[in-house]
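Trainee: I'm new to this one. Can you walk me through the structure?

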Amino acid sequence: MKTLKFLSFFLFAGLLMVSCSSDDDNPEPVLEEEVITTMTITLTPAGGGTAIELKTRDLDGDGPNAPVITVSGDLASGTTYNGTIELLNETENPAEDITEEVEEKDEEHQFFYTASASLNATMSYENFDGNSEPLGTEFTLATGAASTGTLTFTLRHEPNKPNTGLADAGGETDIEETFTVTIL
């Protein structure tokens, strides 16, 4: 009888250990998407001069307030601008520089630039990922004759690379904003 109780105890203890084993020995990492509250595009004339800043800031995200969109000035006709894009999460203090993360994970990101048909401007990529595919946090913008129209900047997460543009890029949009600009 003592032997039976002894064996029952070990059998129960063994079952308890098996039933309480953790299935979380290798938990899945939680991948949080980047929070981007602010996108600043700086356009600096290649020959020198005053930089133009295009900025969108949306501190409440999907909240009730619309983003604040500003354009600091007009573009000059017949000018090439060196462009840079800065992304921030201003819900953090100090603000977190999301541009660094996008550039570190360059194969998972790509900016796309779209000029409306009425705007006499073209843009081209100046920085690329590890596979020589476009990243786009740096670019050039060349202006033609005087015109007014829009520039749209779209950051895609996990786009198909290579692609022929936004239409076949796939992926998810991290941020997208359209700015009304004038070329004088």
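Mentor: First, a term: strands (E, at least two residues) and helices (H or I, at least four residues) are DSSP runs, numbered from the N terminus. I175, for one, lies in strand β10. This is a predicted model, where local features need pLDDT of at least 70, side-chain atom pairs count only at pLDDT 80 or more, and totals for chains, interfaces and linings use all residues. Residues are numbered from 1 along each chain as its sequence is written, and side-chain values use heavy atoms, with hydrogens and water left out.

Trainee: Is I175 buried or exposed?

Mentor: I175 is buried, at a relative accessible area of 12%. Buried means under 20% relative accessible area, exposed means over 50%, and partly exposed is in between (1.4 Å probe, protein chains only).

Trainee: What does I175 touch?

Mentor: Residues up to four places away in sequence are not counted here; beyond them, I175 touches I36, M39, T56, L87, F153, T154 and L155. Contact means heavy atoms within 4.5 Å. V35 sits 140 residues from I175 in sequence, yet the C-alpha atoms are 9.4 Å apart.

Trainee: Back up a bit. How many helices and strands does the chain have?

Mentor: Two helices and 10 strands. The order from the N terminus is α-β-β-β-β-β-α-β-β-β-β-β.

Trainee: And which strands go with β10 in a sheet?

Mentor: The open sheet has three strands in the order β6-β9-β10, with antiparallel pairing. β6 (109-115) and β10 (172-183) are at the edges with a single partner strand each, so one side of each has no neighbour in the sheet. On average, neighbouring strands of this sheet are turned by 15° against each other, direction ignored. That angle is between axes, which are lines fitted to C-alpha atoms. Two strands pair if DSSP finds at least two bridges between them.

Trainee: How many bridges link β9 and β10?

Mentor: 11 bridges, with β9 covering residues 147-157. L151 has F179 in β10 as its bridge partner.

Trainee: New topic. Why is β1 called largely enclosed?

Mentor: Strand β1 (residues 38-45) has six of its eight residues buried, so the rest of the structure largely encloses it.

Trainee: Which strands does β1 pair with?

Mentor: One is β2 (residues 52-57), antiparallel to β1 and joined to it by six bridges. T40 stands opposite K55 there. β1 and β2 make a hairpin with six residues between them, and G48 in the turn has a positive phi of about 100°. Another is β4 (residues 80-89), paired with β1 over eight bridges in the antiparallel sense. P45 stands opposite Y81 in β4.

Trainee: What about the largest nonpolar core?

Mentor: That core has 27 residues; M39, I41, L54, I85, L87, F139 and F153 have the most contacts inside it. β10 gives the most to this core, with four residues. A nonpolar core is a set of buried Ala, Val, Leu, Ile, Met, Phe, Trp, Tyr and Cys residues joined through side-chain atoms within 4.5 Å.

Trainee: Last one: T140. Where is it?

Mentor: T140 is in strand β8 (residues 138-143). T140 counts as buried, at 15% relative accessibility.

Trainee: Which side chain makes a polar contact with T140?

Mentor: The side chain of S124, at 2.7 Å. A polar contact is a pair of N or O atoms within 3.5 Å; within protein, one must be able to donate a hydrogen and the other to accept it, and residues adjacent in sequence count only if both atoms are side-chain atoms.

Technical notes:
Axes fitted to C-alpha atoms, helices over the stretch in contact; angles between N-to-C directions.
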